[in-house]
Amino acid sequence: MTSGGPLAGFTIVELAGLGALPFGTGKLADMGADVIRVHRTNDVPDEPRAARYSEYNRGWRSIAVDLKQPEGIEVIHRLVEHADAFVESFRPGVCERLGIGPDDLLARNPKLVYGRLTGWGQDGPLAQSAGHSLNYESLTGAIGSIGPEHGPPVPLLMVLGDFAGGGLHLAYGVVCALLEAQRSGKGQVVDVAMVDGVASLFATFYGMAASGMHTEDIGTNFFDGGSPVYNVYETADGKYVTVAPIEPQFWALLLDKLGLDAATIEDRDDRAQWPALKARLSRIIKTKTRSEWQAELEGTDVCFAPVYRFGEAHEHPHNVARGMFRPTPDGAAREMTPAPRFSRTPGQPGPSYDHPGSGTDTVLSGLCGFAADDIAKLRATGAIA
């Protein structure tokens, strides 16, 4: 359980899910919320094992409950009486059939925020269909607008659908509802659909497309690789750098650094001249290595940054200075530190739980007030593990 942080004192019950759901609840845990993950009883290992670090487990407590038993459902009801929010990522209707739908749980805690995370939402013709991040990114036009010039769309590592469109929107929605519940004393359901979240991320580009500023010809627009002013360039050592001097004064500075005269080169504001100007910049930037360009351009106003891979991002001096990464508790890997940053109540990653169900006794006794005998009876019947 994480201590401190702006969400300290809030308790979130999560029905264990994959991908987007733990990404979202992990953000809440990083900010101090006590996130209690409810695993299935058959997730509990036969033999206890030492804690193993997982980005998907840090900061949670874990209990194991059999949701097919009435006694197990009653455990969930008792939990939410002491919780501020309950979140799940089952298909629409599943929780209702189990007896832990919004009506069931809000009857036990009228102030409860009930967060529902799905791909397609709680209604609509696709609501009961399976899907993944790539599908939600497809339907909204997101990947249909990203790719090489005249080429096919490019998958985007689940970032837009699962994590930004899903998990982050869940965390945002839950926090908004928690704030409202503090004023009204009433809970509500938060319907988070990844497809909605992706669309919201691209709201600006829908407007740009409607105005004609962004066309459907992939790779030829200002922000998708078509413009020489906002692009990725290869360096002499086969690595890459980015330049984005959109403002005229920043563009002028880049030209000066590259030894170019604006009066004698292609017009950056003429789309017809973009290919030639992009080719010119490509030739120049390819004459030096990534590190050489870093030495010349980094820290100036040319809007420059080297392209790093995941395995080297922690090495950049700026990321080091801001403490963006830190060793995991076991020292075997690195983890992100919480973002955003707070001056008085900073977030703090908590430890991973030992194994699914490892916190069952402490949560039920400490949070819900179950007596030791009651816990023993529940375990004997298999309602908890």
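Predicted model: local features only at pLDDT ≥ 70, side-chain atom pairs only at ≥ 80, totals over all residues.
Residues are numbered from 1 along each chain as its sequence is written. Local features need pLDDT of at least 70 and side-chain atom pairs count only at pLDDT 80 or more, while totals for chains, interfaces and linings use all residues; side-chain values use heavy atoms, with hydrogens and water left out.

**Cores**

A nonpolar core is a set of buried Ala, Val, Leu, Ile, Met, Phe, Trp, Tyr and Cys residues joined through side-chain atoms within 4.5 Å. Buried means under 20% relative accessible area, exposed over 50%, and partly exposed in between (1.4 Å probe, protein chains only). The largest core has 32 residues, and I12, L28 and V174 touch the most other members. Two or more residues each come from α1 (20-30), β4 (85-88), β5 (113-118), α6 (159-184), β6 (188-193) and α7 (194-201). Helices (H or I, at least four residues) and strands (E, at least two) are DSSP runs, numbered from the N terminus. With six residues, α6 provides the largest share of this core. Another core, of 28 residues, lies apart from it and includes V38, L364, C368 and I375.

**Pockets**

On a 1 Å grid over the protein atoms alone, a pocket is an open set of points where a 1.4 Å probe fits, with protein on both sides within 12 Å along at least five of seven lines; lining residues have an atom within 4 Å of a point. Grid points are joined across faces, edges and corners, and a volume is the space filled by probe spheres set on the points. Ala, Val, Leu, Ile, Met, Phe, Trp, Tyr, Cys and Pro count as nonpolar, Asp, Glu, Lys and Arg as charged, and the others, Gly among them, as polar.

| Pocket | Volume | Lining by class |
|---|---|---|
| Largest pocket | about 1300 Å³ | 24 nonpolar, 14 polar and 10 charged residues |
| Second largest pocket | about 940 Å³ | 18 nonpolar, three polar and six charged residues |

Among the 48 residues lining the largest pocket, A16, G17, L18, S89 and F90 are the closest to its centre. In the second largest pocket, F23, K27, F163, F310 and M336 lie nearest the centre, and α1 gives the most to the lining, with five residues.

**Aromatic pairs**

The structure holds nine aromatic pairs (ring centres of Phe, Tyr and Trp, its six-membered ring, within 6.5 Å; planes under 30 degrees apart are stacked, over 60 edge-to-face, the rest tilted). F86 and Y114 form a tilted pair, 5.1 Å centre to centre with 50° between the planes. Both F86 and Y114 are buried.
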